[in-house]
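Please read the report below alongside the sequence and the coordinates. It is arranged by topic, with the conventions stated at the start.

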Amino acid sequence: MQQKPFFNSSFDYIIIGAGSAGSLLANRLSANHKHKVLLIEAGPDSQNFWIRLPIGYYRTMSNPKISRVFATEPSEETSERKINWPRGCVIGGSSAINGLAFIRGQKEDFDDWNSLGARGWSYSEVLPFFRRLENYAGGESQYHGNLGEMRVSDLRNESRCCQAWIHAAQEYGLPFNPDFNGETTFGVGSYQLSTTGRWRSSSAAAYLSPARKRKNLTILTCAFVKRILFNKTRACGIEWIKGDKIYQAKANSEVILSAGTIQSPQILQLSGIGPRKLLKAHGIPVILDAPSVGENLQDHYQMRLVVRLTGKGSLNTACRNPIKLLEWGLKWLVSASGPLTVGAGQVGGAACTKFSEGGRPDVQLFIMPLSLDRAGEPLHKYPGFTAIVWQCHPQSRGKIAIKSTNPFDPPKIEPNYFKRSIDRKVMVEGVKILRKIFAQPSFRKLWDIETIPGTEFSSDQEIWEQISKYGTTIYHPVGTCRMGVDDQAVVDQNLKVRGLSGLRIVDASVMPKITSANTNAPTLMIAEKGADIILNSGCN
């Protein structure tokens, strides 16, 4: 792999960002030996063991060597708190540090995209790309593929408490769902995970590993993109910083921006593409007045309910037992199963509050047989069990804007959580649903105290105040370079930046509307379909 910086090199395609989308794109575009491809990444090419181990995300998510932790602006709706948004800054991007849940979202999510102007991105049109990228351990079906590089596995850990929660959710009235990536997301069951055997299946492991030896693919790490270069309105290359030097490379065909929801709009703005007033305020020459760059920011905000178990079953207790740790290690080593193979949420599902429309789930549930304040911090000393709820389709919209011309400075992030009152109401109802499930016979016998937020907070207003004080992100920011056909859309349905040539954006920032569940699987799909569009565009 080439690591040495260079001057005045020329490539057909330059991909900015080696995360979930960029790694897949690099594989697909370099598969044709005629295409000379540069993949450039701000982070290192880490072989950290905890990246590879599925449960290791607890150690990597806030590790400054492989994760860049951004912070939102404080707001009244979050009790004047800043919310940390860690993003993977390493080969593989956030797919190297995420909680591994592999779920596409509701069929209606993609039909919504189509109706919002993302023509060609309806569910029936994106399903073939989901199937193409996937190698599902359960085999091929109308919903699943088994020939792709991204390994997807069913849960391989038995938890008596998680199973009891599933039974309790059914007693509450939710149906059992054997496959959240099948006919519907409604109901409860086990999550599928982006794992293969004992290991995480990150975008780097799935897509870059088999492509690294290609002579036409150059991977440059620890290189911070400063700006995209233009010849009038055509993207013609990039400029980046490595060490204390500045370098440039030329793009003969296209520059492809895959830096993610936070840094794709930041790089565009630093390059002169964004709201004219913002660019002029920072003395940046305007290449394209694009008011929507950085707008339409969406994220899932989560609230945790934690109870104290009265018997065995919490990983909080088990992980302090050397014999249990040895047992887990043996299970992982011998049968690729057990607690070391799990992700953030083992079981969960989707439910409808009284505000849902047409029977479409409006809250997502995530269950873990452990408890802690946040990833990277110690587990609670008591035997905790956590249920998480987030709103599938928040209506509030935020924005991202540069604060300086220094590319190393983080942008200003304003999620505007709960600016729409319906978002508050849905989250309150979601907490009440979790409490009702906890109270069902199959689970009520397993716990004695609700430790977070505490049953003393029972009115809608009291529940909302606890959500405001203690809720946080579930790490799903999207939408800041919205796809559509209207004049305000940043990219068109072919992911080309409107008003410019030679520049596309292929990452989660192009989503017109956030998907209902975890966002890594749909981001991979965007890259798979994006690669297909690029390779069939006639520019090769």
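## Basis

This is a predicted model, in which local features need pLDDT of at least 70 and side-chain atom pairs count only at pLDDT 80 or more, while totals for chains, interfaces and linings use all residues. Residues are numbered from 1 along each chain as its sequence is written, and side-chain values use heavy atoms, with hydrogens and water left out.

Helices (H or I, at least four residues) and strands (E, at least two) are DSSP runs numbered from the N terminus. Buried stands for under 20% relative accessible area, exposed for over 50%, and partly exposed for values in between (1.4 Å probe, protein chains only).

## Salt bridges

A salt bridge requires a side-chain nitrogen of Lys or Arg within 4 Å of a carboxyl oxygen of Asp or Glu. By this rule the count is 25. One of these pairs is Arg308 with Asp448, whose closest N and O atoms are 2.6 Å apart. Arg308 belongs to strand E16 and Asp448 to strand E22 (residues 447–452), so the pair ties together parts that are 140 residues apart in sequence. Arg308 is partly exposed at 30% relative accessibility, and Asp448 is partly exposed at 34%.

Lys331 and Glu327 also form a salt bridge, at 3.9 Å from N to O. Lys331 and Glu327 are four residues apart in helix H11 (residues 322–335), which means that about one helical turn separates them. In general, an α-helix has 3.6 residues a turn, so residues three or four places apart point the same way. Lys331 has 36% relative accessibility and counts as partly exposed; Glu327 is partly exposed too, at 32%.

Asp487 pairs with Arg498 in a salt bridge, with 3.7 Å between the closest N and O atoms. Both Asp487 and Arg498 are in the loop between strand E23 (472–473) and strand E24 (503–505), 11 residues apart. Asp487 is exposed, at 69% relative accessible area, whereas Arg498 is partly exposed at 27%. Elsewhere, a network of salt bridges links Asp109, Asp112, Arg360 and Lys513.

## Positive patch

Lys82, Lys399, Lys403 and Lys412 form a positive surface patch. Patch residues have over 30% relative accessible area and no salt bridge, with like charges joined within 9 Å and nonpolar side chains (Val, Leu, Ile, Met, Phe, Trp, Tyr) within 5 Å. Lys412 is in strand E21 (residues 412–414) and is partly exposed, with a relative accessible area of 32%.

## Buried positions

Which strand holds Leu257? Leu257 is in strand E13 (residues 245–257), and it counts as buried because its relative accessibility is 0%. Contact here means heavy atoms within 4.5 Å. Apart from neighbours within four places in sequence, Leu257 is in contact with Ile16, Ile228, Ser264, Ile267, Leu268, Arg504, Ile505, Val506 and Asp507. Leu257 and Lys399 are 142 residues apart in sequence and 18 Å apart in space, C-alpha to C-alpha.

Thr60 is located in helix H3 (residues 57–60) and is buried at 1% relative accessibility. With neighbours within four places in sequence left aside, the contacts of Thr60 are Trp50, Ile51, Ile66, Ser67, Ala96 and Ile97. In helix H14 (residues 460–470), the buried residues are Ile463, Trp464, Gln466, Ile467 and Ser468. The buried residues of H14 pack against strand E16 (301–309) and helix H12 (421–438).

Notes: Areas by Shrake-Rupley, 256 points an atom, 1.4 Å probe, with all protein chains shown as cover. Lys, Arg positive; Asp, Glu negative; His and termini not counted. Charge placed at Lys NZ, Arg CZ, Asp CG, Glu CD.
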